[in-house]
Amino acid sequence: MRSLQREPALLLALLAVTALVLTFIVYPQLQVVLTPGPGGYVQFLQEGTWLTPLRNSIQLTLLSTTTAVLLGFVYAYAMVYSNMRWKPFFRLIGILPLLSPPFVVAAAYTLLFGARGVISYGVFGQSPNIYGLNGVWGVQTIAFFPFAYQLIADALSRSDPRMEQAARNLGAGSWRVFLTVTLPLSRPGLGAAILTTAIYILEDFGNPQLIGGVFYVLPTQAYSLISSFGEYTSAAAVSTILLLLALALYLAKVRLDGGRSFVTISGRASSMPRPPVSAAVSRACFAACLALAGVILLVYGSLVVSAFTLRFPNNLQVTTEHFQYVLTGTNGDALRNTLVFSGVAAAFSAVFALFAGWLVQRGQWPGRRALDLLLILPAAIPGIFFGLGYLVAFNQRWLDFVDRGWLIIIAFVFWNIPVGYQAAVAGLRQIDRSIDEAATSLGASSLRGFRDVVLPMLGGSLRVGFVTTFVRAVTTLSLVIFLFTPPTTVATIRIYQLVGDLNWGAATAYTVADIGLAIIALLIFATLARGRISLGAARA
Amino acid sequence: MPDLSPEAAHVRVSHVTKRFGSVTAVDDVSFEVPKGAFATLLGPSGCGKTTTLRMIAGFYDPDGGDIEIAGRRVNDLPVHRRGTAMVFQDYALFPHMTVRDNVAYGLKVAHVSGTDRTRRVDETLAFVGLKGLEDRWPNQLSGGQQQRVAVARALVIEPQVLLLDEPLSNLDAKLREQLRVEMRTMQRRLGMTFVYVTHDQEEALSLSDWIAVMNAGKVEQAGAPWEIYYHPRTAFLADFVGAVNLVPARVDDLADGTVTVRFGAHTAVVRRPDAQLRTGQDVRLCVRPESFTIAPAGVPAAGLALSGTILRRAFLGDTMRYWVKVDDREWIVDQPDPGGSATLDGPVSLSLRADRVHVIAE
């Protein structure tokens with residue numbers, strides 16, 4: 001505290017950061033929680049309409065997490081432990097889903113297996129009803145097992161290969177080493193990976209919205225209460241239930257890994273080689289990965305084919321008609337909005353998070369634990385809740401002079417703060433405190449030391465924060481579903497609308513364009529940063 | 001020789017206390033460092049020496065007490081206004097700056113103009129013997145070179161006081177000895193006040209004008225190196241600074257300037273220490289291993305004569321160290337310049353000059 005009194009500029013900076021966090025993280029969320037009021041909650045709880053979506057959400061999360069984690073584990077084990085062929089290919093395929101909105105899996109599923117699906121109707125002549133629990137379960141499994149894979153691979157690769165070498169040296173076989181050394185050592189990381197996957201699935205809005213049908217889960221219930229009935233009170237209450245569930249999962253995760261693991265995009269180096277597994281195991285791994293990669297390719301392949309053909313699957317004439325449609329007019333504007341909003345937000349978010357991380361990690365003042373908690377809190381807040389918070393708090397008449405695009409940008413910035421913040425914290429852990437101290441002992445103020453010494457050394461953290469925030473902003477649907485206005489529509493909203501219109505050609509072309517532009521933007525950034533950008537889960 | 005009178009105190013630490021939670025790291029510590037002195041805080045890890053240094057630098061706020069530099073209370077000054085450049089144990093060189101930029105950093109912050117800056121950086125780099133390495137990056141330097149950059153970077157801003165936190169501990173033994181000499185020469189030439197922290201007693205003895213030995217957050221004894229070495233006030237000090245024989249004894253008689261002590265079957269008349277003593281008191285005798293003369297049994301001994309049997313030995317290069325059983329106690333005895341063939345074995349006779357025996361009253 002005394003160090004702050006001695007440096008007024010530092011105190012001012014801290015107050016500014018605190019004010020921003022309170023305004024854009026705490027205040028909107030409190031607005032949602034407080035909207036129903038005590039009476040509203042009592043009435044809402046008595047009505048009991050929340051029981052079914054709550055049960056559905058829990059059921060779906062349990063089922064989808066189990067299957068997604070199982071598939072993800074197989075993929076991760078194969079990638080980390082086997083010496084199968086085609087690893088670079090499988091790595092690439094595993095990354096693809098991170099760059100696209102999860103709900104494109106629902107879109108592809110409808111395209112392939114729906115009532116007029118390419119496979120269901122085209123091949124088997126069936127018109128199944130895909131809507132409901134089973135459809136969402138299957139779709140979420142496919143959509144989120146790549147996330148589970150990234151997180152599990154990260155947890156597994158963190159175990160020290162020397163431990164495994166020591167166990168092998170003492171006579172244990174590879175499977176025994178895995179069971180008795182690797183698994184126990186990576187148990188906290190694996191637990192955290194499972195919980196993180198569960199949070200993603202619980203909070204997912206797009207997939208259940210597209211193919212849930214009457215199978216309502218908490219996020220879709222909250223959305224429909226507002227979009228169909230204008231029921232803000234009940235929507236806020238439903239969202240609060242969702243928030244409580246997510247918080248519970250998140251707190252359990254924090255107990256395991258300190259809230260450190262995220263799916264991030266970083267320049268992380270690959271780990272040490274591990275003792276090899278047997279050839280038979282490698283072959284089994286290869287077969288499993290091939291099958292899983294095939295499913296992912298089927299999803300994205302069908303999107304690409306549909307985007308480039310006149311009317312998939314009935315008319316396979318190649319055309320660019322859909323792309324012309326999505327790249328022009330309001331569709332083109334939405335695409336541009338996505339890139340601009342995401343780029344601006346990613347830059348702000350990364351820098352702000354880095355500075356906040358430095359203040360919290362290096363400062364010595366009361367309340368830094370509280371600020372630390374607030375800065376990682378958004379990681380536990382479902383997008384639909386966060387968006388609703390901004391809607392309730394900032395969709396005010398007196399704010400009409402502000403372009404609504406800024407509201408989306410600010411929402412992107414603060415919803416993604418935990419990513420950049422954790423990256424900064426991890427980066428700062430690598431930098432000995434004496435480096436900062438050297439600067440101040442040579443006459444630089446704390447802020448000057450941050451600018452001259454810490455900031456240039458945290459380039460890696462800055463890049464992780466920027467790229468991950470950018471990708472999350474480009475791919476989110478739930479956060480913006482309450483925030484967009486006609487002129488500030490973004491790509492995910494347009495895709496969602498086009499799927500709803502069953503305009504498959506345009507929807508798939510839009511998806512391909514969106515993912516393609518995001519990849520191009522990342523490549524440009526990677527070139528500018530002159531650093532390798534690799535995607536994967538990391539304890540940021 | 002710097003002026004060691006208290007009037008010239010350049011760094012004054014008075015009744016300083018620092019607590020971390022329930023642990024009192026520094027407990028009511030007071031000392032004064034004269035201007036131009038090479039002062040060392042010596043102690044085992046966790047004794048509070050680094051904490052004290054960091055409070056002088058301003059990285060920690062004392063919970064009580066005052067710190068003055070050049071007659072000015074600095075408790076309320078931020079780190080960067082104290083004029084106390086620091087050399088860190090791991091050097092803390094800025095990895096994204098070249099050697100030149102590292103050394104220029106403090107001058108840049110102080111808005112020293114371009115030409116003046118270049119000149120001072122060049123001079124300092126030449127002074128520490130790094131000419132020609134200006135454009136290297138820190139990771140292209142050896143440990144010793146990095147250490148010199150760290151020193152140059154701190155010296156160039158001409159601080160009031162240079163603080164050094166175990167700056168040699170990451171180097172190998174040979175280099176450490178060389179840099180020790182350089183450091184001492186440098187400090188003499190600059191006449192700058194150094195406050196140096198180390199756990200290495202040899203380093204402290206060889207470098208310092210003044211040493212404060214710390215233990216458990218307190219200064220156990222402060223003074224010139226030879227006072228600490230030969231006249232330690234406590235058994236901890238005797239043991240921490242060099243190898244020592246600590247032998248239980250009893251005061252038999254007190255006289256002006258001398259004290260008669262009895263240990264085992266032996267009696268000796270030795271110098272009376274400053275501490276309060278009374279007849280019949282249990283004390284300990286502190287005898288350094290090099291204070292003995294060792295010879296085969298039967299060789300007549302001068303001074304205090306003890307006879308014993310060699311239990312084991314260790315060849316240390318410049319000396320041969322013996323563990324000798326005298327009565328029922330083991331004594332450590334060093335034989336300097338042992339040569340190749342002079343190894344002793346079996347019964348020996350030891351002789352000890354009475355003025356080498358120091359009495360510790362505890």
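Student: What does the domain assignment of chain B give?

Tutor: In this predicted model, chain B is assigned domain 1 (6-238) and domain 2 (243-360), with bounds from an automatic or database domain assignment. Residues are numbered from 1 along each chain as its sequence is written, and chains are lettered from A in the order in which they are written. Local features need pLDDT of at least 70, side-chain atom pairs count only at pLDDT 80 or more, and totals for chains, interfaces and linings use all residues.

Student: How many residues does each domain of chain B give to the contact?

Tutor: Domain 1 of chain B gives seven and domain 2 of chain B gives eight; contact requires C-beta atoms, placed from the backbone, within 7 Å. The domain centres, taken over C-alpha atoms, are separated by 38 Å.

Student: Turning to the chains, how many residues of chain B are in contact with chain A?

Tutor: There are 23 residues of chain B in contact with 19 residues of chain A.

Student: Which elements of chain B give two or more residues to that side?

Tutor: They are β6 (84-87) and α2 (99-109) of chain B. Helices (H or I, at least four residues) and strands (E, at least two) are DSSP runs, numbered from the N terminus.

Student: And what is in chain A, by helices and strands?

Tutor: Chain A has 25 helices and four strands. Its C-alpha atoms fill a box of roughly 75 × 70 × 50 Å along the principal axes.

Student: What percentage of contacts in chain A between residues at least 6 apart in sequence join residues at least 24 apart?

Tutor: The value for chain A is 82% of those contacts.

Terms used. Two residues are in contact if their C-beta atoms, placed from the backbone, lie within 7 Å.
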